[in-house]
Amino acid sequence: MTAAVAAVDLGATSGRVMLGYVGHDEMRLVPVARFPNQPVRTVDGLHWNILELYRSVIAGLTSAVREEPGVSSIGIDSWAVDYALLRGDRMLGAPFHYRDDRTARGVELVHEVAPFEELYRANGLQFLPFNTLYQLAADRDGGWLDAADTALLVPDLLAFQLTGERRAEATNASTTGLVDVATGEWNEGLIARLGLPRRLFPPLVRPGAVVGELLPSVRAELGLGSGAGAGAAGPSLPVIAIGSHDTASAVVAVPATAPDFAYISSGTWSLVGVELEHPVVTDASREANFTNEGGVDGRVRFLQNVSGLWLLSESVRTWEREGGESLDLPTLLSQAAAVAHPVGVFAAGDPVFIAPGDMPGRIAGWFGSRGLRAPSGRAEVVRSILESLAEAYAVSIRTAVELSGAAVSVVHVVGGGSQNELLCQLTADRTGLPVLAGPVEATAIGNVLVQARARGLVSGSLEALRALVARTHPPRRYLPRPAR
Ligand code: ADP
Ligand code: LRH
């Protein structure tokens, strides 16, 4: 039997609603809606345009149920760490964007109470200045938490808008810094020590659980019958918890056919690592700044966030603003591929590159402040970005292997960046390992598969789900070139 589910997948640059058709030997995505995700700077800082995103989600789901009346559930994923505060049903302002700089104060406040060494033992997370606990500390300092009774991460917020249920999906909750890495439960002690109100954090749900049925008002907006459940008009259409952290869903859909793989979830960010059964929370992993995020089925995503194609997209945005013309990505990439001389490599993960703004200028500054020759001209800058990302991937994969003892013989690249042939080839060259690229829409596929399993359309372990992806979405292979 083949049946359909709907995946809502919100990335930092764009969102989509997809129908996923899943059967014994079938996994097919049908895009229903794509929409840009453009942050908004207001007088108080940088925000996500959450109402616009919500409207796009409703429009996308309306098209999905029109196209496929048999759709049996909905799953929602997005980028991690950001949240909205609520009082009752009312959202207290639009969520801040993780690139907003209000978090610097939050980092100081948290580390005064709980030094990073101690935090790492508790939550196993890489230091990133925008992790939720730092954002919440900044909000507490500003008095913003006093009025709130709930904090919901973005996918949980959208699920709440659709169902009225307040839940915290576990894989995404693991990026808050407030979940105990050993137990997978909210860390009550840490929450209290940081002076955060316990009431903010709703019950955790694991991927596969039912979050709730659509509210009657939402059913009406989608053009479904107004009721739900037994005796009501129209079929049931629940929201199902999936790996709502986009990276967790992407890792589900890595088309691996053997256990010895590393993955790079390549989009706005690059998340580079291995999958483990147990966290690694040692001094060495802390010093290497490796994270232990919660995966689907209790797996651990042992990885590093090493920046990503943000370096490229923000450079393009700068050039487009300067030149008043729009640039074509494939053309820029082929110009970069044609650069035949060596270009400089910079530290792609340097926090100086996190904020929005003049990226080529900051890259030039990185080289200049070290007395090194900066790349000059667009082709060299693009080439330098891609070489630097590939080098960062190689170091992260080597370090992941050393720290965890995992064996790695192949690197899977999934997400939008898997279409970047030059980057895939450079990654093979610099890691010395074969790279298998695709699927592009791994996150949506992971979202679909976990729903499909919960609905009984497929069964089995993550390995069985990955084998299905490998059969239906065979990846493209890049071999390391010798003598580089
Ligand atoms: P996110 O989920 O973070 O929004 P995606 O997985 O959608 O990111 O990936 C977006 C990135 O994919 C873009 O920044 C761009 O660099 C890359 N990309 C998109 N289309 C192409 C393409 N045709 N060729 C090469 N790279 C591409
Ligand atoms: C990728 C991602 C990543 C986080 C970042 C905030 O979209 O979820 O895993 O580190 O956004």
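Predicted model: local features only at pLDDT ≥ 70, side-chain atom pairs only at ≥ 80, totals over all residues.
Residues are numbered from 1 along each chain as its sequence is written, and chains are lettered from A and ligands numbered from 1 in the order in which they are written.

Let me begin with the domains. The chain is divided into domain 1 (3-240) and domain 2 (256-438), with bounds that come from an automatic or database domain assignment. Taken over C-alpha atoms, the centres of domain 1 and domain 2 are separated by 26 Å. Their contact takes 21 residues from domain 1 and 20 residues from domain 2, where two residues are in contact if their C-beta atoms, placed from the backbone, lie within 7 Å. On the side of domain 1 that touches domain 2, helix 3 (116-123) and helix 6 (170-173) each supply at least two residues, and the largest share, three residues, comes from helix 3. Helices here are DSSP runs of H or I with at least four residues, and strands are runs of E with at least two, both numbered from the N terminus. By class, that side of domain 1 has nine nonpolar, eight polar and four charged residues; Ala, Val, Leu, Ile, Met, Phe, Trp, Tyr, Cys and Pro count as nonpolar, Asp, Glu, Lys and Arg as charged, and the others, Gly among them, as polar.

Now to the ligands. Around ligand 1 there are 15 residues, of which G11, G267, T268, L309 and G416 come nearest, a residue being near a molecule if its C-beta atom, placed from the backbone, lies within 6 Å of it. This shell has four nonpolar, eleven polar and no charged residues. Because both domain 1 and domain 2 give residues to the shell, ligand 1 lies between them. Ligand 2 is surrounded by 13 residues, the closest being W79, A80, T247, W269 and N305, and its shell has seven nonpolar, five polar and one charged residues. The shell around ligand 2 draws at least three residues from each of domain 1 and domain 2.

Helix 14 (residues 378-404) and helix 15 (residues 421-431) pack at an angle of about 45°, with their axes 8 Å apart; axes are lines fitted to C-alpha atoms, for helices over the stretch in contact, and angles run from 0 to 180 degrees between N-to-C directions. That makes helix 14 oblique to helix 15, since angles under 35 degrees count as roughly parallel, over 145 as roughly antiparallel, 65 to 115 as roughly perpendicular and the rest as oblique. The residues of this contact divide into nine nonpolar, two polar and three charged. The axes of helix 11 (residues 310-323) and helix 14 come within 10 Å and cross at roughly 160°, which makes helix 11 roughly antiparallel to helix 14. Here L311, L312, S315 and W319 in helix 11 meet R378, V381, V382 and I385 in helix 14.

Finally, the backbone. The peptide bond from G438 to P439 is cis, with omega near 5°, and P439 is found in the loop between strand 19 (435-437) and helix 16 (442-454). V81, in the loop between strand 6 (74-78) and strand 7 (83-87), has a positive phi, near 65°, in a residue other than glycine.
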